[in-house]
Amino acid sequence: MESRWRSLAREPLVHFLVAGLLLFLVLGRSDAVDSGSRTIIVDEDRIARLSANWERIWQRPPTAEELDRAIEAHVREEIYYREALRLSLDQDDIVIRRRLRSKMEFLARATAESESPDEAVLRQWLEDHAALYAPDAITSFDQVYLGEDGEADDVLRRLRQGGDPAALGAPISLPPSMADASRSEIERRFGAAFARAIDLERIGEWQGPVRSGFGRHLIRVTAHETGDPPALADVRQRVENDWRAATLAEREEQAYALLRTRYSVEVADVD
């Protein structure tokens, strides 16, 4: 039984749920708003947070006058916030929905942010993703641009069902396909993060979204050739950075999959 509890304690999804519960409790104690109340309490904890926020921005403590202005600004914000809730302005607001989604995704990734992989984990990562570090890797791929924050699910589904890539996505001057492109060439057109990301994708299947310096893309790697990978000591920091980025994305997907099982989704037939 003890070993089972230890195993559960190491499980990332358990970390996500615990972090979510803690956030719920913290918000419930300190920031939850009764929109029906017209009493605003600015207690010592709130004043300390306002002072700390000021110091973080300006690199010095606020003067008494500056702190008074920060408190008044907080009261103004609180009044507008409560009145907005009374008018239900938070309902169906895409900006608020995306902000809340970002907070949930942050919770899912938080436990991996400070995690330090050991040598064996990094060696295994280098072995499994050797193509990512080979200096002469050559890649062919197709891409569909979604925009800076474009939604991916519907476009990805249509591509996987055989949809025409040229008819989907948003317009951009980037090439829809590159053939036999070196990593440096891909980095020059799409950015280093994009070039690293497509090295990790499977061949032949539409996947993503992958982020470039221009926004989000769906991609299909059609060919990938590489030479011998370098020794771990020569690329250790890159390996750790890539392992962390991939682990963050994996934790986020696991957390979403866990939440998704709790919902029944009904989509209207629009045909």
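**First stop: helices H8 and H9**

Helices H8 and H9 cross in a right-handed manner; a crossing is right-handed if the near helix is turned clockwise from the far one by less than a right angle, and left-handed if anticlockwise. Helices here are DSSP runs of H or I with at least four residues, strands are runs of E with at least two, and both are numbered from the N terminus. The model is a predicted one, in which local features need pLDDT of at least 70 and side-chain atom pairs count only at pLDDT 80 or more, while totals for chains, interfaces and linings use all residues. Residues are numbered from 1 along each chain as its sequence is written, and side-chain values use heavy atoms, with hydrogens and water left out.

Select residues 183–190 to display H8, and residues 192–199 to display H9. Two packed helices are described by the angle between their axes and the distance between the axes. The axes of H8 and H9 come within 7 Å and cross at roughly 130°. Such axes are lines fitted to C-alpha atoms, for helices over the stretch in contact, and the angles run from 0 to 180 degrees between N-to-C directions. H8 and H9 are therefore oblique to each other; angles under 35 degrees count as roughly parallel, over 145 as roughly antiparallel, 65 to 115 as roughly perpendicular, and the rest as oblique.

Next, show the side chains at this contact (heavy atoms within 4.5 Å). H8 contributes Arg183, Ile186, Glu187 and Phe190, and H9 contributes Ala192, Phe194, Ala195, Ile198 and Asp199. The residues of this contact comprise 6 nonpolar, no polar and 3 charged. In this classification Ala, Val, Leu, Ile, Met, Phe, Trp, Tyr, Cys and Pro are nonpolar, Asp, Glu, Lys and Arg are charged, and the others, Gly among them, are polar.

While H8 is displayed, select glutamate 185, which has its place in this helix. Glutamate 185 counts as partly exposed, at 28% relative accessibility; buried means under 20% relative accessible area, exposed over 50%, and partly exposed in between, with a 1.4 Å probe and protein chains only. Isoleucine 138 is 47 residues from glutamate 185 in sequence, and their C-alpha atoms are 9.6 Å apart in space.

**Second stop: helices H6 and H10**

Select residues 119–128 for H6 and residues 232–260 for H10. At what angle do H6 and H10 pack? The angle is about 90°, and the axes are 9 Å apart. H6 and H10 are therefore roughly perpendicular to each other. On the H6 side the contact is made by Glu119, Val121, Leu122, Arg123, Trp125 and Leu126. On the H10 side, the residues include Leu232, Val235, Arg236, Val239, Glu240 and Trp243. The contact of H6 with H10 has 9 nonpolar residues, no polar ones and 5 charged ones.

Now pick valine 121 in H6, which is partly exposed with a relative accessible area of 32%. Valine 121 and glutamate 240 are 119 residues apart in sequence, yet 9.2 Å apart from C-alpha to C-alpha.

The whole structure has 14 salt bridges, each being a side-chain nitrogen of Lys or Arg within 4 Å of a carboxyl oxygen of Asp or Glu. Arginine 236 is partly exposed at 31% relative accessibility, and glutamate 119 is partly exposed at 36%.

Move to helix H7, residues 153–160. Here arginine 157 and aspartate 154 form a salt bridge, with the closest N and O atoms 2.5 Å apart. The two residues are separated by about one helical turn because they are 3 residues apart in H7. Arginine 157 is partly exposed, at 43%, and aspartate 154 is partly exposed, at 38%.

Finally, select glutamate 205 and arginine 160, a salt bridge with closest N and O atoms 3.4 Å apart. Glutamate 205 lies in the loop between H9 and strand S3 (207–211), and arginine 160 lies in H7, so the pair ties together parts that are 45 residues apart in sequence. Glutamate 205 has a relative accessible area of 31%, and arginine 160 has one of 48%.

**Last stop: the whole chain**

Zoom out to display the 10 helices and 4 strands. Buried residues make up 28% of the 271 residues in the chain.
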